[in-house]
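Visitor: Please take me through this model by setting each value against the definition behind it.

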Amino acid sequence: MLFNSFEFLLFLLLVFCGYWFLFKRYSRQNLFVLAVSYLFYGRWDWRFLLLIILTTLLCYFSGKAISRTPDRNRQRWICGVNIAVNIAILVFFKYANFFSENLDLLFRQFGIRLDWITLDILLPVGISFYTFQAISYPIDIYRKKLPATTDFVAFATFIAFFPQLVAGPIERSTHLLPQFLQPRRFRYDKAVNGLRQMLWGFFKKLVIADNCSLLANLVFDRYTTADPLTLWTGALLFTFQIYGDFSGYSDIAIGTARLFGIDLRQNFRYPYFSCDITEFWRRWHISLNTWFRDYIYIPLGGSRCSAAKVIRNTLVVFLISGLWHGANWTFIAWGIYHGLLFLPLVLLRKNPLHPRTADPARRLPALRKLLSMTTTFFLVTTGWILFRSQTVGDAARYLQRCFSLSDRATENLFDGNRDTLIYTFAFITLLLLTEWSQRHKEYGLQIVEGRPRPIRWGIYLLILFSILIFTGPQEQFIYFQF
């Protein structure tokens, strides 16, 4: 069930009414949300439910076992075994095809065919998201950040909460689980804020991302016939496609959760306004990157160790980040690329703990800041070419043509789509101007707060009109595959 469908809107309306009007006690609300979350997830394939239930049981009982034994070594073993089992499940379903195909390809170089080892395993939607969310729970109990819960339904709801189940944000048990362990009451202002953020998310997905997808696909699918300007245009379109797609999903998820009295953490903080790569990674997919920081980077020693270990820790995190995004060498290359960009800054200690917030009083950035933002944006856009390409070879050839002065176009890729190209870039400009003006707030559409009602509703209707008239071809969210 896609967020960008009428089926989801009808589903959401029915769940909202049942949640607030049929169930008053939070324990019954939790049970209801758990049931509809499993229904929501089972719509893709009911067999996926078996995996999420298994992960839930493993982490719940691991947490209880850790809390019941005072022996730290035994706690460590329980936590380690739970992590190993869940990661093994994730690796099998997400990477078995990748490893078997590459092993077969390797042996073919020596004339040996291993067709019998190739697999065809179906990838469960969102398995990377809920696995990481689940295994953080026993780790936090081991670290004494929260006690083990005895409410299995609340814990299962924390794992399967449908707004953020398949593409995040990846929530921490210390933040989300306590919200399911206490009564919740309906707040009109919170619900309105949620609906407003959902509207902004739908705009970014349906108008920005889906139209960018149509045009970017034309370029990446036939890049060998395009000139450098068209190739950079395609890369720029994908840059805004993936941002509109993923941050749009996060906005819809966060807004939907607010309708049920639940707060999810901000997952994007205007990443394309970053002044360097470290700042970009503190603004992009915040929930995943803080997860890597807290559960991998810092336990390895972080940046408070020798330069050699800092290099190791940084490359390990970015290599895992690339692998997390998918079983393809392009994602690994993309992760290493960002790791190499990140290293000089972290070695020079230009690695602030929190992203810098531009002075909201300034309408335009200072020249030095603008140059830094432009350079960072160029580096990020170049990296997205690696991410989007089908193979590393395709990415290398795409980049080679991007910087070639001799290559000429053999066909006009945007022929027949010029109107779409024009209004897509017009909406991208509108997006950037809106988010720049609201860069100190949580999301762009907060621009309407405090304005007279006619202006607020005029903006809402304008966005709805844009969605109805300029929606691109329906596309599944990119991060569903991760």
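**Values and definitions**

Visitor: Why is D189 called partly exposed?

Guide: D189 has a relative accessible area of 46%, and because buried means under 20%, exposed over 50% and partly exposed in between (1.4 Å probe, protein chains only), D189 counts as partly exposed. This is a predicted model, in which local features need pLDDT of at least 70 and side-chain atom pairs count only at pLDDT 80 or more, while totals for chains, interfaces and linings use all residues. Residues are numbered from 1 along each chain as its sequence is written, and side-chain values use heavy atoms, with hydrogens and water left out.

Visitor: What makes the pair of R187 and D189 a salt bridge?

Guide: A salt bridge requires a side-chain nitrogen of Lys or Arg within 4 Å of a carboxyl oxygen of Asp or Glu. The closest N and O atoms of R187 and D189 are 3.0 Å apart, and the pair therefore qualifies. R187, with a relative accessible area of 39%, is partly exposed. By this rule the count comes to 14 salt bridges.

Visitor: Which parts of the chain does the salt bridge between R196 and E449 link?

Guide: The side chains of R196 and E449 meet at 3.3 Å, N to O. This pair links distant parts of the chain, since R196 lies in helix α8 (residues 188-221) and E449 in the loop between α16 (418-437) and α17 (453-470), 253 residues apart. Helices here are DSSP runs of H or I with at least four residues, numbered from the N terminus. R196 is buried at a relative accessible area of 9%, whereas E449 is partly exposed at 35%.

Visitor: How do you know that D251 and K204 tie together separate parts of the sequence?

Guide: Their side chains meet in a salt bridge of 2.8 Å, N to O. D251 lies in helix α9 (residues 228-259) and K204 in helix α8, so the pair ties together parts that are 47 residues apart in sequence. Both D251 and K204 are buried. Elsewhere, salt bridges that share partners join R172, R293 and D294 into one network.

Visitor: How many residues does the largest nonpolar core have, and which have the most contacts inside it?

Guide: A nonpolar core is a set of buried Ala, Val, Leu, Ile, Met, Phe, Trp, Tyr and Cys residues joined through side-chain atoms within 4.5 Å. The largest such set has 136 residues, and those with the most contacts inside it are Y41, I52, F162, Y272, W284, W384 and Y398. Helix α8 gives the most to this core, with 15 residues.

Visitor: How do you know that the span of helix α13 is close to the one expected?

Guide: The expected span is 1.5 Å times one less than the number of residues. Helix α13 (residues 329-347), with 19 residues, reaches 27 Å from its first C-alpha to its last, close to the 27 Å expected. Even so, α13 bends by about 25° at L341, and the proline P344 follows within four residues; the bend at a residue is the angle between axes fitted to the seven residues ending there and the seven starting there.

Visitor: Why does R408 count as exposed?

Guide: R408 has 57% relative accessibility, which is why this residue counts as exposed under the cut-off already given. R408 lies in the loop between α15 (392-402) and α16, and the C-alpha atoms of R408 and S437, 29 residues apart along the chain, are separated by 39 Å.

Definitions and conventions: Helices (H or I, at least four residues) and strands (E, at least two) are DSSP runs, numbered from the N terminus.
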